[in-house]
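Visitor: I have a structure open and would like to go through it with you. Could we take it topic by topic?
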Amino acid sequence: MNTTYDVVVVGAGPAGLAAAIEAKKTGAGDVLIIERNDEPGGILPQCIHNGFGSVIFKKDLPGPAYAYNFIEEAKTLGIEIVLDTMVLNITPDKKITAANSRDGFLEFEAGAIILAMGCRERTRANIRVPGDRPAGVFTAGTVQRLVNIEGLMPGKNFVILGSGDIGMIMARRLTLEGANVLKVVELMPCLTGLRRNYVQCLQDFNIPLSLSTTIKRIIGKKRVEAVETVKVDESLNPISGTQETIACDSLLLSVGLIPENELSKKAGVILDPLTGGPAVDENMATNINGIYAAGNVVTIYDLVDYVSKAGMIAGTNAALYTMGKSSSPKYYRLIPGDGVRSVVPQRINTSNIALKSSSTEILIELRVLHEFDSKVFIDIMDGDKVLYSHMEKYARPAEMITLRVDTSKLAGATGDLTVVVSSK
Amino acid sequence: MERKFVCIRCPQGCEITTTLNGNGAITEITGNSCRIGADFVKAELTDARRTLTTTVRVSGGTRPLCPVWTEKPVPKDKVLDLAAQLRTITLNAPVSAGQIIIKNAAGTGINIVASAPVMAPGGK
Ligand SMILES: Cc1cc2nc3c(=O)[nH]c(=O)nc-3n(C[C@H](O)[C@H](O)[C@H](O)COP(=O)(O)OP(=O)(O)OC[C@H]3O[C@@H](n4cnc5c(N)ncnc54)[C@H](O)[C@@H]3O)c2cc1C
Ligand code: SF4
């Protein structure tokens, strides 16, 4: 292990692995990945279900198999991965402190840094479920780790709060391991995960789903004994008289993910309150020169393939930065307009869209504010002028929309751009 | 008669409507964005299949479990039985990625293979 590296990547998940690989391929000299876990792959080793790789490998792979491809490539390229090591601090001038139980305190200097720390789960504290405080309340990702990595079954009879993908995937997983999943309850009037997961994880195993329903109370002294559910109205207020008590020994929370950005803040990276992650340009550059970010640390992605793609972009540009091949940029902002909750990237280099002749593709990831049941148009506007328009058959807040925009389409932009969704 | 499906073959999850005549034969398929969707609903009506992913115990490895999957989708009604069967076996480390765990599982002609390696302590 050296103390200076051209590129240091924080996190060896799919974003970090792809970033390190591309940085190396672009020409960065020494590339280091620092990972706090005891193996590379991020959350993929515990995502043993298939559904990964449809964009990049044109195959439907399990999470561990998807990760394996990248881990092997990183090894072949001679990328150093230091495991069991936690990054504690990053400074704006790209000094990194980390620690592990072998070497104690470690300090590194980097030419460029790529933030790829992923996300963490919302917990009971984040959503304030009232009631007793017994054992048996878990986040879905924790149970996924226990069941798929550690080989431990934390209960027999489960209720799941939240219809996110992790919750539905764990409903199936627990059923396959012989446990009973009694019900999935969802506060919102619609599914928050992908519908394919409703079909193959709940419907296939006759697991009931109650929409517009929440957990009113957790009952149990030492261990969960039951949960009390209640229906909610359109403003999400409980409807009295609709309580139902379900006897169970475990409650799983699948109530959302939050980008993990403690380190980003310490480095002076500005976060977008709409995504909870760093505001980036189309090169995945943050506001701090030489610090890039990719993956779930930037915004919560549905598909790992786009996480890897974002990692590749960050890696390429971090390497170019260390080779002195990037100039100080001028930006137009990309602003979420009507119907749009969030947009990544939040800004675009004017130099990248100045020339009609030099066309490159940029990926724009967005989420809509509410459900559109029929045909929608997603437009990128320069004032009143539509520069780019894309049609989708429908749009749902749960499903991220990826636009592949040819930069030549944006040529002639005169200022900040707005992204709007409408059913016209 | 009409039957509705959500296609599970890619994350887009198209809602597909099929019209069936009196003999149960498909006369119309609408709502799919691609051919895979049409094939999916045909299969759902005649031979519904699913990919099974689960774990198998490993002894003498750096990890207690190995993730495994059916190389190709197996008949849907075999999924729970196969999962139960896989709960009863134990492998010896090392296990390599792609290693066949069960050949011709439950007579389906489809193999169950490891989706990631499990090392023995000290490297291989
Ligand atoms: C249950 C579940 C099901 C999913 N299903 C699918 C699916 O079917 N198809 C699909 O395409 N995608 C799926 N996804 C999404 C996909 O797994 C994620 O988008 C992807 O893993 C995100 O990658 P990442 O590299 O950004 O983050 P992660 O995979 O979370 O990796 C981040 C890494 O950074 C490390 N780290 C964080 N902080 C530090 C620190 N301070 N120091 C050192 N290391 C640190 C972490 O330990 C971790 O290894 C699923 C996700 C989940 C949770
Ligand atoms: S029909 Fe095609 S596009 Fe639609 S969900 Fe199925 S595979 Fe995907």
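Visitor: To begin, what does the domain assignment of chain A give?

Guide: Please keep in mind that this is a predicted model. For chain A, the assignment lists domain 1 (1–120 + 257–326), domain 2 (123–255) and domain 3 (328–424).

Visitor: How many residues of domain 1 of chain A are in contact with domain 3 of chain A?

Guide: Domain 1 of chain A contributes 21 residues, and these are in contact with 22 residues of domain 3 of chain A. Taken over C-alpha atoms, the centres of domain 1 and domain 3 of chain A are separated by 25 Å.

Visitor: And how much area do domain 1 and domain 3 of chain A bury between them?

Guide: About 1,600 Å², with 51% of that area on carbon and sulfur atoms. On the domain 1 side, the residues that lose the most area to domain 3 of chain A are Glu282(A), Asp302(A) and Tyr306(A), which together make up 34% of what that side buries.

Visitor: Let us turn to ligand 1. Which residues are the closest to ligand 1?

Guide: Ala15(A), Glu35(A), Gly51(A), Asn296(A) and Val304(A) are the closest, out of 30 residues that surround ligand 1. By class, this shell has 17 nonpolar, 10 polar and three charged residues.

Visitor: Which helices and strands supply at least two residues of that shell around ligand 1?

Guide: In chain A, helix H1 (14–26) and helix H8 (304–322) each do, as do strand S3 (50–52) and strand S6 (86–90).

Visitor: What lies 2.8 Å from a nitrogen atom of ligand 1?

Guide: A backbone N or O atom of Gly51(A) lies at that distance. A polar backbone atom of Arg36(A) is 3.2 Å from a nitrogen atom of ligand 1. On the oxygen side, a backbone N or O atom of Pro14(A) lies 3.3 Å from an oxygen atom of the ligand. Of the 1,000 Å² of accessible area that ligand 1 has on its own, the protein covers 93%.

Visitor: Which residues are around ligand 2?

Guide: They belong to chain B, and include Cys7(B), Cys10(B), Cys14(B) and Cys34(B), along with Arg9(B), Gln12(B) and Asn32(B). The shell around ligand 2 has five nonpolar, five polar and one charged residues.

Visitor: Changing topic, how many residues does the contact take from chain B and from chain A?

Guide: The contact takes 34 residues from chain B and 34 residues from chain A. Between them, the two chains bury about 2,700 Å², of which 54% is on carbon and sulfur atoms. Within chain B, Pro11(B), Thr53(B) and Arg63(B) lose the most area to chain A, together 22% of what that side buries.

Visitor: Which domains does the assignment of chain B give?

Guide: It gives domain 1 (2–47) and domain 2 (53–114) for chain B. The centres of domain 1 and domain 2 of chain B, taken over C-alpha atoms, are 30 Å apart.

Visitor: Last topic, the backbone. Where is a cis peptide bond found in chain A?

Guide: A cis peptide bond joins Val344(A) and Pro345(A), with omega of about 0 degrees. Pro345(A) lies in the loop between strand S21 (340–344) and strand S22 (347–349) of chain A. In chain B, a cis peptide bond joins Ala93(B) and Pro94(B), with omega of about -5 degrees. Pro94(B) is in the loop between strand S8 (90–92) and strand S9 (100–102) of chain B.

Visitor: Is the phi of Met284(A) positive or negative?

Guide: Met284(A) has a positive phi, about 65 degrees, although it is not a glycine. Met284(A) sits in the loop between helix H7 (262–266) and strand S19 (291–293) of chain A. As background, most residues other than glycine have a negative phi, and most peptide bonds are trans.

Conventions: Residues are numbered from 1 along each chain as its sequence is written. Chains are lettered from A and ligands numbered from 1 in the order in which they are written. This is a predicted model: local features need pLDDT of at least 70, side-chain atom pairs count only at pLDDT 80 or more; totals for chains, interfaces and linings use all residues. Side-chain values use heavy atoms; hydrogens and water are left out. A residue is near a molecule or strand if one of its heavy atoms lies within 4 Å of it. A polar contact is a pair of N or O atoms within 3.5 Å; within protein, one must be able to donate a hydrogen and the other to accept it, and residues adjacent in sequence count only if both atoms are side-chain atoms. Accessible areas come from the Shrake-Rupley method with a 1.4 Å probe; for residues, only the protein chains shown count as cover. Helices (H or I, at least four residues) and strands (E, at least two) are DSSP runs, numbered from the N terminus. Ala, Val, Leu, Ile, Met, Phe, Trp, Tyr, Cys and Pro count as nonpolar, Asp, Glu, Lys and Arg as charged, and the others, Gly among them, as polar. Domain bounds come from an automatic or database domain assignment. Contact means heavy atoms within 4.5 Å. Buried area is the accessible area (1.4 Å probe) that two parts lose on being put together, summed over both.
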